[in-house]
Amino acid sequence: MDDIHFTLRGEFITLDALLKATGLADSGGAAKQLITAGEVRVDGQVDTRRGAKIRAGQRVQVAGQRIRLLAAELPPTT
């Protein structure tokens, strides 16, 4: 299974928003169901917190898919 690479735009994304943004949940309600049913793992541990803050470097797994969170590249400073 290939990882889904997701680049953050800010410091974090909530778990339910991540599932929607990657297409692993069709809606917020579907994301909530997956999370509360214990079907989502964050860094190998089941996480049932829909609003959990997921940051760069963490890995999320659901329904046989893995999501790898990447930090956004900052533009060079002059």
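Biologist: What share of the 78 residues in the protein is made up of buried residues?

Modeller: Buried residues account for 28% of the 78 residues. A residue is called buried under 20% relative accessible area, exposed over 50%, and partly exposed in between, with a 1.4 Å probe and protein chains only. Please note that this is a predicted model, in which local features need pLDDT of at least 70 and side-chain atom pairs count only at pLDDT 80 or more, whereas totals for chains, interfaces and linings use all residues. Residues are numbered from 1 along each chain as its sequence is written, and side-chain values use heavy atoms, with hydrogens and water left out.

Biologist: How many helices and strands are there in the protein?

Modeller: The protein has two helices and seven strands. These are DSSP runs numbered from the N terminus: helices are H or I of at least four residues, and strands are E of at least two. From the N terminus on, their order is β-β-α-α-β-β-β-β-β.

Biologist: What makes the protein as compact as a globular protein of that length?

Modeller: The radius of gyration is 13 Å, close to the 12 Å that the globule rule gives for 78 residues, so the protein is as compact as a globular protein of that length. The radius is taken over C-alpha atoms, and the rule is 2.2 Å times the number of residues to the power 0.38. Along its principal axes, the C-alpha trace spans about 50 × 25 × 20 Å.

Biologist: What percentage of the contacts with a separation of 6 or more comes from residues 24 or more positions apart?

Modeller: Such residues account for 51% of those contacts. Contact means heavy atoms within 4.5 Å.

Biologist: Why is Leu69 counted as buried?

Modeller: Its relative accessibility is 2%, and buried means under 20%, so Leu69 counts as buried. Leu69 is found in strand 7. Residues up to four places away in sequence aside, Leu69 touches several residues, among them Phe6, Leu8, Ile13, Leu18, Ile54 and Val60.

Biologist: Is Ile13 buried or exposed, and why?

Modeller: Ile13 has a relative accessible area of 15%, which is under 20%, and is therefore buried. Ile13 lies in strand 2 (residues 12-14). Beyond four places in sequence, the contacts of Ile13 include Phe6, Ala52, Lys53 and Leu69.

Biologist: What makes Asp47 a buried residue?

Modeller: Asp47 has 9% relative accessibility, under the 20% limit, so Asp47 counts as buried. Asp47 lies in the loop between strand 4 (45-46) and strand 5 (53-55). Leaving aside neighbours within four places in sequence, Asp47 is in contact with Leu15, Ile35, Val40, Val42 and Ala52.

Biologist: Which side chain is joined to that of Asp47 by a polar contact?

Modeller: The side chain of Arg49 is joined to that of Asp47, at 2.8 Å. A polar contact is a pair of N or O atoms within 3.5 Å; within protein, one must be able to donate a hydrogen and the other to accept it, and residues adjacent in sequence count only if both atoms are side-chain atoms. The side chains of Arg66 and Asp3 also form a polar contact, of 2.7 Å.

Biologist: Why is Arg66 called partly exposed?

Modeller: Its relative accessibility is 32%, which falls between 20% and 50%, so Arg66 counts as partly exposed. Arg66 is found in strand 7 (residues 65-70).

Biologist: Why does Ala63 count as exposed?

Modeller: Ala63 has 70% relative accessibility, over the 50% limit, and therefore counts as exposed. Ala63 is found in the loop between strand 6 (59-62) and strand 7.
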